[in-house]
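Dear colleague,

I am handing over the structure below, and after it I set out what I found when going through it. Please read the notes with the coordinates open beside them.

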Amino acid sequence: MADQSLYTKLTTTAEDFVLALSPKEPGSNQSDDERFLSHIAPNYTHSWGHKFFVGTSPGVQGSVDGPEFLSRMNRLAGKMQTWYIEITETCVDVEKKSAALKADFHMTIAGHEPVLNEIVWWLKMDGSGEKVVDSCEYIDPVASSHMIEQMKGGNQQETTPVHGLSATDVQKLSETCPYSHFRVGCSILLANGTIVQGANVENAAYPVTTCAERVAMATAVVQGAKKGHIRAVAVATDISPPASPCGMCRQFLREFCELDMPIFMFDKDGKSTVMTLEELLPMSFGPESLLSTEDVQHGLHQ
């Protein structure tokens, strides 16, 4: 009975914490600061999840305390019309006094259709099970990239979720490009959450060199990824402004990716530009442009 009582308390604390991020009044864009602060411990800290799901700017790296987290939330709220939250799954570990939740954040920017941002939260409660001590947020990079496009003139560096290599990571790739010294890193996010990385690999016979995007995508395909499995691609270089995939790489990505897939491009300072594959490769040629095997065989017998 004691465990059941604690389980109920932890579940309530965890769900109330996430729901406390709702607007103060339904339909408004004002956060309920008092409600949120009532659910956290004095030593509370918040961080963002796996490094490939957060922005490369310092604004969304590391951890922050409660007031700073609220400050960031309020800046984001100011760019929105409103939002509402639905908790879809909750899993509690009584022994560790922790919980994992999946919540749908329905976020609306004025003049646009709502964006569904599926966010996973990991929470650690205090000894009483009534206050949250630590929280970690795993955001949906694809949904958030759509929001970024809607926030015309917004500060993307604070809200940009990415899964790409940072400029620091790229600077470690010099051994793969000994001739041009033009370092490129690529990360591919699969639907199951797997991250596949690649770097440009140069060759003394220059035309044999393979770009980072093709190295990463070929690795993903060998591992079983198929069209529809790729959620996003990120490319990082140590130059500014950021470099985009070359024409050959765009065509290579076209073979395995949906046209509306976002491609994040980072410069040496971690600033990013986001475009869809279709924007980078308009009026493209793909597998569906070819005749099917049946059509070819039928034509041969005409």
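I begin with helix α8, whose buried residues are C249, R250, L253, R254 and F256. These buried residues of α8 pack against α7, β9, β10 (262–266) and α9 (277–280). Please keep in mind throughout that this is a predicted model.

Annotated sites

Not counting residues up to four places away in sequence, E213 touches C186, V235, P245 and C249.

Cysteines

How many disulfides does the model contain? The count comes to 0 disulfides. For C186, which is in no disulfide, the nearest cysteine sulfur is that of C249, at 8.1 Å; a disulfide would need the two sulfur atoms within 2.5 Å. C186 counts as buried, at 0% relative accessibility, while C91 counts as exposed, at 53%.

Helix α3

Helix α3 (residues 66–77) has 12 residues and reaches 16 Å from its first C-alpha to its last, which is close to the 16 Å expected at 1.5 Å a residue. Its buried residues are G66, F69, L70, M73, L76 and A77, and they cover an arc of only 120° around the axis, which puts them on the same side of α3. An α-helix has 3.6 residues a turn, so residues three or four places apart point the same way. At the N-terminal end, α3 is capped by D65, a side-chain oxygen of which lies 3.0 Å from the backbone nitrogen of E68.

S22 is found in the loop between α1 (2–19) and α2 (33–37) and is buried, with a relative accessible area of 13%. The side chain of S22 reaches the backbone oxygen of L19 at 2.7 Å, and, leaving aside neighbours within four places in sequence, S22 is in contact with D32, R35, W83 and I85.

N117 is located in strand β5 (residues 115–125), and N117 too is buried, with a relative accessible area of 4%. Not counting residues up to four places away in sequence, N117 touches A103, D104, F105, M107, I139, D140, A143, S144 and M147.

Backbone points to check

Most residues other than glycine have a negative phi, and most peptide bonds are trans. Against that background, the peptide bond from S240 to P241 is cis, with omega near 0°, and P241 is placed in the loop between β9 and α8. K97 has a positive phi of about 50° although it is not a glycine; K97 lies in the loop between β3 (82–93) and β4 (98–108) and counts as partly exposed, at 22% relative accessibility. H181, likewise not a glycine, has a positive phi of about 60°; H181 is in the loop between α6 (167–170) and β7 (184–190) and counts as exposed, at 56% relative accessibility.

The chain as a whole

The chain holds 10 helices and 11 strands, and of its 302 residues 46% count as buried. Among contacts between residues at least 6 apart in sequence, 61% join residues at least 24 apart.

Terms used. Residues numbered from 1 in each chain as written. Predicted model: local features only at pLDDT ≥ 70, side-chain atom pairs only at ≥ 80, totals over all residues. Heavy atoms only, no water. Helix = DSSP H or I, 4+ residues; strand = E, 2+ residues; numbered from the N terminus. Expected span 1.5 Å × (residues − 1). Buried < 20%, exposed > 50% of the residue type's maximum accessible area, 1.4 Å probe, protein only. Arc of directions from axis to C-beta. Polar contact = N/O pair within 3.5 Å; in protein donor to acceptor, adjacent residues only side chain to side chain. Contact = heavy atoms within 4.5 Å.
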